[in-house]
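This report describes the inside of a protein model. Please look over the sequence and the structure shown here before reading on.

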Amino acid sequence: MNRQENLEIFFRDGKTVILPIDHGVAIPVPGMENPFALIDAVSPYVDGYVMNLGVAMRAADSMAGKGICLRTDVYNTRMTGDGAGSINVYGVEEAEAVGANAVMNMLYPNSISERVNFQECADIIRSSMDLDIPVIIEALPYGLGQTDKYTLENVAFAARLAAELGADVVKVPYPVDCKPGEFRKVVDQLWVPVIILGGASLNDDAALLKMTEDAMEAGASGVAIGRNVWQHQNPAAIARSLSAIVHEDVSALEALALMKEPLR
């Protein structure tokens, strides 16, 4: 497939619900002891997955019709020391080998490892041009877990930086100080799709769904939400409600009510 066809697997109507299940390299993963059972449960409601190579090598047979995004780095929350933040370990060649449709790497502007991190992202984007495999850059100001730094201004800069480097899709946190409609400042300055991440489990369905609604109304192209799905007491139900907001334009309140309806 060419680059556009690979992207369209995730963006079936120009919008996407992606489930990252790549957290096992960075944090303990209660709630995702069996990623293959999780995939079977939520697949009716998601368009694709972010996964590490070990899972991708063994899950391809159950992923028909879904986008596979290979995580190319091992990431962590450390701010200092060798390898702090992000360590690139794979590239587009491995993605091609396991039949992945995209790759994803962290980008940490203003981090201590900024120079190495920027070059690793650039190298992945450069090599992707030969294999027609899109690159999703996860752009987080300062680093993973630095939520106080995820201001509207910082997120807007990180998103633009990722697009300028050549990302096909930009994944960013929803800014901590964002009022309704202000996220459009991030979206309108870019020429590629912007999707939002979920971060740590909120344990608050209403807040998660409202954040998703606000982001979509401000022009986001979808979500890539992990822990708030697979650590949920009912992963398939919350995935269905997120999909309803993204693909069916339902409100957060309607999506919350949908949580009470049985799964088919």
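Beyond its neighbours within four places in sequence, Ile137 is in contact (heavy atoms within 4.5 Å) with Asn105, Leu107, Cys121, Ile125, Ala162, Ala167, Val169, Val170 and Lys171. The model is a predicted one, in which local features need pLDDT of at least 70 and side-chain atom pairs count only at pLDDT 80 or more, while totals for chains, interfaces and linings use all residues. Residues are numbered from 1 along each chain as its sequence is written, and side-chain values use heavy atoms, with hydrogens and water left out.

Ile137 also belongs to the largest nonpolar core, which has 82 residues; a nonpolar core is a set of buried Ala, Val, Leu, Ile, Met, Phe, Trp, Tyr and Cys residues joined through side-chain atoms within 4.5 Å. Leu19, Ile21, Tyr49, Met51, Ile137, Val170 and Phe183 touch the most other members of this core. A second, separate core of 12 residues includes Phe10, Cys69, Met104 and Ile195. In soluble globular proteins, nonpolar side chains tend to be buried together.

The table lists four buried residues (buried means under 20% relative accessible area, with a 1.4 Å probe and protein chains only).

| Residue | Relative accessible area |
|---|---|
| Ser128 | 0% |
| Cys69 | 0% |
| Cys178 | 15% |
| Gln146 | 16% |

How many disulfides does the structure hold? There are 0 disulfides, a disulfide being a pair of cysteine sulfur atoms within 2.5 Å. For Cys69, the closest cysteine sulfur is that of Cys121, 12 Å away and too far for a bond.

Ser128 lies in helix α5, residues 114–131 (helices are DSSP runs of H or I, at least four residues, and strands are runs of E, at least two, numbered from the N terminus). A polar atom of the Ser128 side chain lies 2.7 Å from the backbone oxygen of Ile125. Apart from neighbours within four places in sequence, Ser128 is in contact with Arg3, Val92, Ile133 and Val135.

Gln146 sits in the loop between β7 (135–139) and α6 (152–165).

How values were computed
Buried < 20%, exposed > 50% of the residue type's maximum accessible area, 1.4 Å probe, protein only. Polar contact = N/O pair within 3.5 Å; in protein donor to acceptor, adjacent residues only side chain to side chain.
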